[in-house]
Amino acid sequence: MNMHARPADPKKLIKGATGDWEVVIGMEIHAQVTSNSKLFSGASTEFGGEPNSHVSLVDAAMPGMLPVINAECVKQAVRTGLGLKARINNRSVFDRKNYFYPDLPQGYQISQFKDPIVGEGVVLVDTVDGQIEVGIERLHLEQDAGKSIHDLHPTQSLVDLNRSGVALMEIVSRPDLRSSEEAKAYVTKLRTILRYLGTCDGDMEKGSLRADVNVSVRKPGDDLGTRCEIKNVNSIRFIGQAIETEARRQIGIIEDGGKIDQETRLFDPGRGETRSMRSKEEAHDYRYFPDPDLLPLEFDDAFVAELAAHLPELPDEKKARFVSQYGLSAYDADVLVAEKATADYYEAAVAHAGTARDAKAVANWIMGDVSAYANSVGLPVAETHIRPAQIAGLVDLIADQTISGKIAKDVLLLIIGEEKDSDPRAIVEARGMRQVTDTGAIEAAVDAIIEANPDKVAQVQAKPTMLGWFVGQVMKQTGGKANPQAVNDLLKGKLGI
């Protein structure tokens, strides 16, 4: 399907003074490769070391130092390509991209230009308006630059080369995105895929996932407009804000009779604006040429097949399985597979102790009360102290009518609080929390309340929706322990509803 021919969606258009505008977005994601050492040296890639403490002679570009390719980084790039359903190129070439900047000690960056390691692929993205396909143009390997620090000294800039030479995958999408929401959903999905594969941790706060966002606007149906690139956006929320801001800036300029200059801009979240950084260099300005110190990177189909054989189940496949195996809705499956640890946690609860239990009920507990608690303490679900076995226990107690859903919520509060390690069934027994299913005891409470409220009896017979009041009174009288189904049945029988 050719996404460029995608008809303009009226819901996604931006209203300008002269009519509607369509925003067109392409992304370049820089994902730091998960590996112990750098792309061409043995120096550590660990985050947060003392400045310039993870720098080999290669990273500092000392004379005569030669790069040696890190095989693990190559495997990670191929795994990622397979995860993006992309073409793997058995032969790729490392090029030098020449520019001068204090944090680039070599005076060039080793990257890939004409012949990248991974070619065209596709990412399926679920949005509120349905699924879209985002084309991947290429994925190439390159080394990161160091970091310039401008706020530690009044007159000097400092350079930390710890990041210099760290392997990055640059994942370039086609201009297939048509709104800030789609762009945010795309980055979220891509990050989920990378995390499942274990090829990038996706931690945007540490800079291991950064986005360059290309934005242009056009009248619906027109050719592509001139684009501006917003560099190094480091959060999904900021990506959305940067696109909205930049699209409106461009629309304003065009509607005032101006034209857009192709340039590189920066997004300032504090001021809610993008500002010009430099006019955009073309590829020839970088004088790309094959790196004479590195042979072309070549591997055979068997190398790729071996990596493909050991890929984990990816989010799309897992979602499809959750829908077919557990009867979950697409929405529920989506929420549960967004983080691999949450999906594993869910499956551990569903299948705990080898018993089959209501998969939808387990999903509801995890997505509802457990998630709410996890958010309140700032942890992912799988990292809270609540164990999958405890969720399974709650679902089982409701299923065999030992407790009601309401009592189960009280049991969960005890697990969250003072009974952290306890088994739900043991809590219920020790604290006398079983629901009353003895119809004799419930019947006595029902009779007492009907007798004491003749006026309400007349009302409920005229308006059956009043039944809830009676149910509430019976529950109150039984300390919330009466089986709600039994209460409802008895009341309906005795009141003739």
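## Helices α9 and α10

In helix α9, the residues Gln 390, Leu 394 and Ile 398 meet Gly 405, Ala 408, Val 411, Leu 412 and Ile 415 of helix α10, where contact means heavy atoms within 4.5 Å. By class, this contact of α9 with α10 holds six nonpolar, two polar and no charged residues; Ala, Val, Leu, Ile, Met, Phe, Trp, Tyr, Cys and Pro count as nonpolar, Asp, Glu, Lys and Arg as charged, and the others, Gly among them, as polar. This is a predicted model, in which local features need pLDDT of at least 70 and side-chain atom pairs count only at pLDDT 80 or more, while totals for chains, interfaces and linings use all residues. Residues are numbered from 1 along each chain as its sequence is written, and side-chain values use heavy atoms, with hydrogens and water left out.

Helix α9 spans residues 388-399 and helix α10 residues 405-416, and the two pack at an angle of about 155 degrees with their axes 10 Å apart. That makes α9 roughly antiparallel to α10, because angles under 35 degrees count as roughly parallel, over 145 as roughly antiparallel, 65 to 115 as roughly perpendicular and the rest as oblique. The axes are lines fitted to C-alpha atoms, for helices over the stretch in contact, and the angles run from 0 to 180 degrees between N-to-C directions. Helices (H or I, at least four residues) and strands (E, at least two) are DSSP runs, numbered from the N terminus. In passing α10, α9 makes a right-handed crossing; a crossing is right-handed if the near helix is turned clockwise from the far one by less than a right angle, and left-handed if anticlockwise.

An unreviewed UniProt entry carries the annotation "domain: Asn/Gln amidotransferase" for residues 344-495; UniProt positions are given in the numbering used here, feature names are shortened, and annotations may be inferred rather than shown by experiment. In the model, the end C-alpha atoms of residues 344-495 lie 48 Å apart, and the span is 67% helix and 0% strand.

The axes of helix α12 (residues 439-452) and helix α15 (residues 484-495) come within 10 Å and cross at roughly 50 degrees. That makes α12 oblique to α15, and the crossing of these two helices is right-handed. From α12, the contact draws on Thr 439, Ile 442, Glu 443, Val 446, Asp 447 and Ile 450, which face Ala 486, Val 487, Leu 490, Leu 491, Lys 494 and Leu 495 of α15 in making the contact. The residues of this contact of α12 with α15 divide into eight nonpolar, one polar and three charged.

## Helices α1 and α4

Helix α1 (residues 71-83) packs with helix α4 (residues 301-309) at an angle of about 70 degrees, and their axes are 10 Å apart. That makes α1 roughly perpendicular to α4, and the crossing of the pair is right-handed. Val 74, Lys 75, Val 78, Arg 79 and Leu 82 in α1 meet Phe 303, Val 304, Leu 307 and Ala 308 in α4. The residues of the contact of α1 with α4 comprise seven nonpolar, no polar and two charged.

## Buried glutamates in strands

Glu 22 has its place in strand β2 (residues 19-32), and at 3% relative accessibility Glu 22 counts as buried, a term that means under 20% relative accessible area, with exposed meaning over 50% and partly exposed in between (1.4 Å probe, protein chains only). Leaving aside residues up to four places away in sequence, Glu 22 touches Ala 8, Leu 13, Arg 178, Ser 216, Val 217, Arg 218 and Pro 220.

Glu 142, in strand β7 (residues 130-143), is likewise buried, with a relative accessible area of 3%. Among the residues that Glu 142 touches, not counting those up to four places away in sequence, are His 30, Leu 39, Gln 109 and Glu 170. Glu 142 and His 30 are 112 residues apart in sequence and 9.4 Å apart in space, C-alpha to C-alpha.

## Residues in loops

Lys 85 lies in the loop between α1 and β3 (91-92), where Lys 85 has a positive phi of about 50 degrees although it is not a glycine, and its relative accessible area of 48% makes Lys 85 partly exposed. Gln 401, in the loop between α9 and α10, has a positive phi near 65 degrees, again in a residue other than glycine, and Gln 401 is partly exposed, with a relative accessible area of 44%.

Asp 256 is placed in the loop between α3 (236-255) and β13 (263-268), and Asp 256 is exposed, with a relative accessible area of 70%. Between Asp 256 and Asn 214 there are 22 Å in space, C-alpha to C-alpha, and the two are 42 residues apart in sequence.
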